[in-house]
Amino acid sequence: MQNYQPADNFLAKQVILVTGATDGIGKQAALAYAKQGATVILLSRDTRKLERVYDEIEAAGYPQPAFLPVNLQNADPNQYRQVAEVIEKEFGRLDGLLHNAGDLGLLSPIEHFDEETWFRVMQVNVNAQFLLTKYCLPLLRKSENASLVFTSSGVGRKGRAYWGAYSVSKFATEGMMQVLADELENTNIRVNSINPGATRTKMRANAYPGEDPNQLPTPQDIMPAYLWLMDNQQCQVTGQAINAQDFMQA
Ligand code: NAP
């Protein structure tokens with residue numbers, strides 16, 4: 001969809017949880033949602049980086065955010081239950097959940113893939129999303145209209161040699177989105193996935209060290225799709241695999 005124009009402050013009074021909110025696309029999404037009036041809950045593993053994003057949101061005069069330090073690599077189910085309990089206590093509900101945190105792992109043929117890295121990528125990119133979704137669903141049900149968004153990738157829609165655990169984890173992410181969209185059809189919760197496409201972040205630079213980052217769209221450039229997916233007035237789709245760069249202004 002091109003030329004999406006959000007109404008001013010369209011996320012006022014909405015409570016949105018963003019994972020991987022300290023860097024790259026997740027940080028930009030948190031800032032973009034806050035700018036539109038949302039109270040954002042920032043989740044990442046590094047408290048200092050969380051504090052910096054928190055301060056940036058406060059300094060801009062957006063609604064006061066909250067943050068939750070969680071390492072998705074080794075959090076146990078109890079921690080996800082506690083995350084949901086804290087949100088319930090502080091905010092009573094969730095209107096949006098953007099699963100954005102991701103672990104690239106490494107590029108290698110499957111035959112030689114380091115096993116520990118494989119398990120870590122699956123833990124961060126798949127199991128953590130399952131647990132966070134499971135415990136947050138009761139909070140999303142309490143919203144009038146909620147949006148659950150999973151972050152995919154081009155290699156989560158078509159497999160590519162050497163992308164190993166990352167590619168497989170993104171296929172699993174698409175599967176989780178489709179299963180949930182089917183289970184939640186005709187409810188207040190829409191469920192979609194977003195593929196950012198090649199974007200100028202640390203993860204992209206790690207995957208393509210020889211590439212000139214200045215040739216790539218920035219996280220800010222791809223925000224229209226991220227905003228649209230949270231827009232209850234303009235986005236009614238569920239079960240869709242969205243490409244963020246289809247929404248970029250020409
Ligand atoms: P990024 O700049 O590397 O940021 C990743 C974020 O996830 C950071 O905030 C990071 O926190 C957090 N994170 C990573 N591992 C974590 C863990 N174990 N526990 C908690 N938080 C963790 O990546 P990005 O490029 O913005 O990617 C965002 C999403 O888009 C990912 O799901 C990625 O797979 C997807 N994607 C990106 C591209 C692209 O070209 N950039 C293309 C397709 C898909 P720290 O700051 O603590 O590391």
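## A buried lysine without a partner

Lys170 is buried, yet it has no salt bridge. In this predicted model, the nearest side chain of opposite charge is Glu174, and it is 8.9 Å away. A salt bridge needs the nitrogen and the carboxyl oxygen within 4 Å.

Lys170 has its place in helix H5. What does Lys170 contact, leaving aside its neighbours within four places in sequence? The list is Asn125, Thr151, Ser152, Ser153 and Gly156.

## A fully covered serine

Ser193 is found in strand E6, which spans residues 189-195. Its relative accessibility is 0%, so Ser193 counts as buried.

Neighbours within four places in sequence aside, Ser193 is in contact with Phe150, Ser152, Arg157, Glu174, Met177, Gln240, Ala241 and Ile242. Ser152 is one of the contacts of Lys170.

## Salt bridges

Side chains of opposite charge can pair when their charged atoms come close. How many salt bridges does the structure hold? There are eight.

One of them joins Lys49 to Asp23, with the closest N and O atoms 3.1 Å apart. Lys49 lies in helix H2, and Asp23 lies in the loop between strand E1 (15-19) and helix H1 (24-35), so the pair ties together parts that are 26 residues apart in sequence. Both partners are partly exposed: Lys49 at 24% relative accessibility, Asp23 at 30%. Lys202 joins in as well, and a network of salt bridges links Asp23, Lys49 and Lys202.

Another salt bridge joins Asp95 and Arg93, at 2.9 Å from N to O. Asp95 is buried, with a relative accessible area of 4%. Arg93 counts as partly exposed at 23%. Arg204 and Glu211 also meet in a salt bridge, at 2.7 Å from N to O. Glu211 is partly exposed, at 28%.

## Aromatic pairs

A pair of aromatic rings is described by the distance of the centres and the angle of the planes. The structure holds five aromatic pairs. One of them is Tyr54 with Phe67, an edge-to-face pair. Their centres are 5.9 Å apart, and the planes stand at 85°. Tyr54 lies in helix H2 (residues 47-59) and Phe67 in strand E3 (residues 66-69), so this pair ties together parts that are 13 residues apart in sequence. Tyr54 is buried at 16% relative accessible area, whereas Phe67 is partly exposed at 27%.

Trp163 and Tyr208 form a tilted pair, 5.9 Å centre to centre, with 40° between the planes. Trp163 is buried, with a relative accessible area of 10%. Tyr208 is partly exposed, at 26%. Ring pairs link Trp163, Tyr166 and Tyr208 into a cluster.

## Charges over rings

The charged end of Arg160 sits over the ring of Trp163, 5.7 Å from its centre. Arg204 lies over the face of Tyr208, 3.7 Å from the ring centre. Arg204 also forms the salt bridge with Glu211.

## Nonpolar cores

In soluble globular proteins, nonpolar side chains tend to be buried together. The largest nonpolar core here has 39 residues. Which residues have the most contacts inside it? They are Leu17, Leu94 and Val191. The elements that give two or more residues to this core are E1, strand E2 (39-44), helix H3 (77-91), helix H4 (115-141), E5, H5 and E6. H4 provides the largest share, 12 residues.

Leu17 shows the contacts in detail. Not counting residues up to four places away in sequence, Leu17 touches Ile41, Leu43, Ile87, Leu94, Gly96, Leu97, Leu98, Leu132 and Cys136. A second, separate core has 35 residues, including Leu11, Leu31, Ile242 and Ala244. Ile242 is also one of the contacts of Ser193.

Definitions and conventions. Residues numbered from 1 in each chain as written. Predicted model: local features only at pLDDT ≥ 70, side-chain atom pairs only at ≥ 80, totals over all residues. Heavy atoms only, no water. Phe/Tyr/Trp six-rings, centres within 6.5 Å; stacked < 30°, edge-to-face > 60°. Helix = DSSP H or I, 4+ residues; strand = E, 2+ residues; numbered from the N terminus. Buried < 20%, exposed > 50% of the residue type's maximum accessible area, 1.4 Å probe, protein only. Lys NZ or Arg CZ within 6 Å of the ring centre and 35° of its normal. Lys, Arg positive; Asp, Glu negative; His and termini not counted. Contact = heavy atoms within 4.5 Å. Core = buried A, V, L, I, M, F, W, Y, C linked by side-chain atoms within 4.5 Å.
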